[in-house]
Amino acid sequence: MAIEKHNPYYSRTDTTLLHVTDAEWKKILPADVYNIARDKGTEYAFTGKYYKTDTKGTYYCAVCGNALFKSDAKFASSCGWPSFYEALTPNSVRYENDNTHGMRRTEVLCGRCDSHLGHIFDDGPKPTGQRFCMNSAVLEFEPDTK
Ligand code: FE
């Protein structure tokens, strides 16, 4: 992983909460990842690397390595962003009210590093009815081995 090499906070096993300043992240993260993760940007629909993938595996936070979603919970959404109906565990992510841009939305953040991942909506499929609408740039996919 290119990101992992230069990022001392990245770990697939350490779940300790991170408190890293944006100034520090800016030195570490690629510009497109920083823009979404720390400036709460959004990638253009239908441009991300994962919006239509359906390979079996796990999606990790591209900033810190925290496990976020299983491919089993990914579904084909017409919205143009990778969409999941549930997080891997309740602590994988956390939520914040987001009233910017004239909308009332719920922001989804990484449970370990607090990076912005996307938003959650209640128009998803069963069993949860939820749609985690994520940005590909802050996800990192690892296919199952076998
Ligand atoms: Fe993270």
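Cysteine 61 stands opposite leucine 139 in β9. Welcome to a predicted model, in which local features need pLDDT of at least 70, side-chain atom pairs count only at pLDDT 80 or more, and totals for chains, interfaces and linings use all residues. Residues are numbered from 1 along each chain as its sequence is written, and side-chain values use heavy atoms, with hydrogens and water left out.

- Helices (H or I, at least four residues) and strands (E, at least two) are DSSP runs, numbered from the N terminus.
- Five of the five residues in β1 (57–61) are buried, meaning under 20% relative accessible area with a 1.4 Å probe, protein chains only.
- With β9 (residues 139–143), β1 pairs in the antiparallel sense over five bridges; pairing requires that DSSP finds at least two bridges between two strands.
- On β2 (residues 67–70), the antiparallel pairing with β1 runs over three bridges, and threonine 58 stands opposite lysine 70.
- Five residues lie between the strands in the β1–β2 hairpin, where glycine 65 takes a positive phi near 90°.

**The largest nonpolar core**
- This core has 30 residues, and Trp25, Phe69 and Phe132 have the most contacts inside it; such a core is a set of buried Ala, Val, Leu, Ile, Met, Phe, Trp, Tyr and Cys residues joined through side-chain atoms within 4.5 Å.
- Elements giving two or more residues to this core include β1, β2, β9 and α3 (31–37), and α3 gives the most, with four residues.
- Leaving aside neighbours within four places in sequence, tryptophan 25 is in contact with residues including Tyr9, Tyr34, Val63 and Cys113, where contact means heavy atoms within 4.5 Å.

How values were computed:
Buried means under 20% relative accessible area, exposed over 50%, partly exposed in between (1.4 Å probe, protein chains only).
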